[in-house]
Amino acid sequence: MPSPLFLLCFMLCISHAHQIILLPLRHSISKTQFNSTHHLLKTTSTRSVARFHRHRQSQNSVSLPLSSGSDYTLSFNLGSHPSQSITLYMDTGSDLVWFPCAPFQCILCEGKFNATTPLKLTRSHRVSCQSPACSAAHSSMSSHDLCAIARCPLDNIETFDCSSATCPPFYYAYGDGSFIARLYRDSLSMSSLFLKNFTFGCAHTALGEPTGVAGFGWGLLSLPAQLATLSPNLGNRFSYCLVSHSFDEQRVRKPSPLILGRYDDSGEGSEFVYTSMLRNPKHPYFYCVGLSGISVGKKTILAPEMLRRVNGRGDGGVVVDSGTTFTMLPASLYNSVVSEFDRRVGRVQKRASKVEEKTGLEPCYFLEGLVEVPTVTWHFVGNDSNVVLPRGNYFYEFLDGDDGVRRKVGCLMMMNGGDDSELSGGPGATLGNYQQQGFEVVYDLENQRVGFAKRECASLWDNLNRHKS
């Protein structure tokens with residue numbers, strides 16, 4: 001039974017008809033933040049590659065979550081600081097909720113997006129060294145060792161009487177950054193949710209990480225796991241529906257709904273297509289699934305065996321990730337997809353090689369006349385687990401050139417993740433959030449499956465708000 005210090009005592013003000021908490025996700029990337037569309041795409045594609053690769057470590061190194069950062073943010077308040085909103089990246093690729101606290105020093109953070117002002121904690125409570133939360137933050141180190149580090153007397157350690165000794169600071173690393181933090185407890189307020197004794201990390205020093213993260217991955221300290229401790233209905237299932245944006249903030253009139261819990265989706269259109277989650281022993285916080293192939297038009301290209309399952313070393317599978325923008329595929333599958341795509345499009349449209357250099361994406365084409373693009377379908381492992389992507393989810397069209405001569409171009413929005421033989425030590429592919437636009441993506445933790453259903457996400461936001469009131 002979990003320690004009382006870690007149990008969540010809470011009061012929920014929710015709709016009894018649907019038993020959900022509805023939260024707004026805000027897209028944080030826009031064309032207005034960049035010099036050009038090429039700059040936007042180059043920056044985003046580079047970050048997607050870095051996030052995919054940098055969690056891979058040598059066999060003697062500790063495994064890391066995906067690089068922090070995301071395209072979507074959510075906000076909440078602490079009970080001891082009700083007037084200050086805390087904005088964090090929502091990330092299914094990590095398992096800790098943390099944010100910067102004053103005084104805050106961030107090394108190598110110049111020019112990086114900073115979503116919130118560091119918070120000065122005054123009335124939050126530090127977590128005890130004997131709490132399971134402390135052990136989880138310290139990579140499952142025993143409470144006896146942690147309390148010894150915290151200088152709890154030996155006789156108190158032996159009698160489990162170290163509640164007054166606080167959890168030591170811990171180090172947490174992403175693929176391209178890190179921080180040192182302490183664990184605290186406080187009440188948390190999000191939408192209609194009021195949650196007491198919520199556990200989070202408070203960082204005073206960070207490297208390359210100016211904005212905190214709300215970790216939604218598998219793990220004791222993630223937001224869903226903490227909520228599930230005393231409210232399984234809310235914590236064992238969450239979903240989001242990303243409003244289609246094409247990096248144009250003018251198109252996004254409504255937030256993307258993040259839904260904690262289960263609602264009656266019978267009136268929302270298509271049913272969910274499910275595929276089973278694959279547990280990863282090396283990266284236990286990932287939501288991995290199996291992929292059997294990708295169809296380009298009527299031609300189905302089989303996925304390499306590594307994408308169908310995860311082995312005992314943690315190799316293989318596909319991560320469904322809210323924090324990576326563009327989908328990353330192993331070279332063998334990517335090259336086959338590109339070859340078939342180019343065979344269909346390239347015979348009519350001219351390749352735009354300079355655009356490919358400027359954006360980091362390929363293939364790109366100058367578009368003339370009626371542009372026919374083959375349908376792309378993902379075939380996940382399972383019975384009829386097929387997801388047809390809308391054209392805008394994998395083919396991005398924009399204007400190239402200066403104000404004098406501008407031509408319409410289009411680029412395939414999937415990327416080469418590298419040679420198959422080099423993708424050991426982690427997942428073989430990532431399904432990015434750009435390809436998830438216009439779908440409700442559900443993480444059913446109770447039944448260990450991920451589902452996809454085509455949705456009008458802005459309408460879903462309106463409908464769920466209407467049902468709440």
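I began with helix H7 (residues 331-345), which lies across strand E15 (291-296) and E16 and runs at about 15° to E15. I take "lies across" in the contact sense, heavy atoms within 4.5 Å, and the angle as one from 0 to 180 degrees between N-to-C directions, with axes fitted to C-alpha atoms, for helices over the stretch in contact. Helices (H or I, at least four residues) and strands (E, at least two) are DSSP runs, numbered from the N terminus.

I note that this is a predicted model, in which local features need pLDDT of at least 70 and side-chain atom pairs count only at pLDDT 80 or more, while totals for chains, interfaces and linings use all residues. Residues are numbered from 1 along each chain as its sequence is written, and side-chain values use heavy atoms, with hydrogens and water left out.

I traced an open sheet of four strands in the order E16-E15-E21-E22, with antiparallel pairing, where two strands pair if DSSP finds at least two bridges between them. At its edges I found strand E16 (299-302) and strand E22 (386-389), each of which pairs on one side only. Neighbouring strands of this sheet are turned by 20° against each other on average, direction ignored. Four bridges hold strand E21 (residues 376-380) and E22 in antiparallel pairing, and for His 379 I looked up the bridge partner in E22, which is Asn 386.

**Entry: strand E11**

I then turned to strand E11 (residues 237-241), where five of five residues are buried, meaning under 20% relative accessible area, with exposed being over 50% and partly exposed in between (1.4 Å probe, protein chains only). Both faces of E11 are covered, with Arg 237, Ser 239 and Cys 241 on one side and Phe 238 and Tyr 240 on the other. In a regular strand the side chains alternate between the two faces of the sheet.

Which strands does E11 pair with? I found strand E27 (residues 439-444), antiparallel to E11 over five bridges, and strand E12 (residues 256-261), also antiparallel, joined to E11 by three bridges. Phe 238 has Tyr 443 as its bridge partner in E27, whereas Tyr 240 has Leu 258 in E12.

**Entry: disulfides**

How many disulfides does the structure hold? I counted seven, a disulfide being a pair of cysteine sulfur atoms within 2.5 Å, and I looked up three of them.

Cys 241 is buried at 0% relative accessibility, and Cys 457 is buried at 5%.

Cys 134 and Cys 167 are joined at an S to S distance of 2.1 Å, and with 85° about the S-S bond their link is right-handed. Cys 134 sits in helix H2 (residues 132-137) and Cys 167 in the loop between helix H4 (154-158) and strand E7 (170-173), 33 residues apart. Both cysteines, Cys 134 and Cys 167, are buried.

For Cys 152 and Cys 162 I found an S to S distance of 2.0 Å and a torsion of about -90°, so this disulfide is left-handed. Cys 152 lies in the loop between helix H3 (143-149) and H4, and Cys 162 in the loop between H4 and E7, so the pair ties together parts that are ten residues apart in sequence. Cys 152 is buried at a relative accessible area of 10%, and Cys 162 is buried at 1%.
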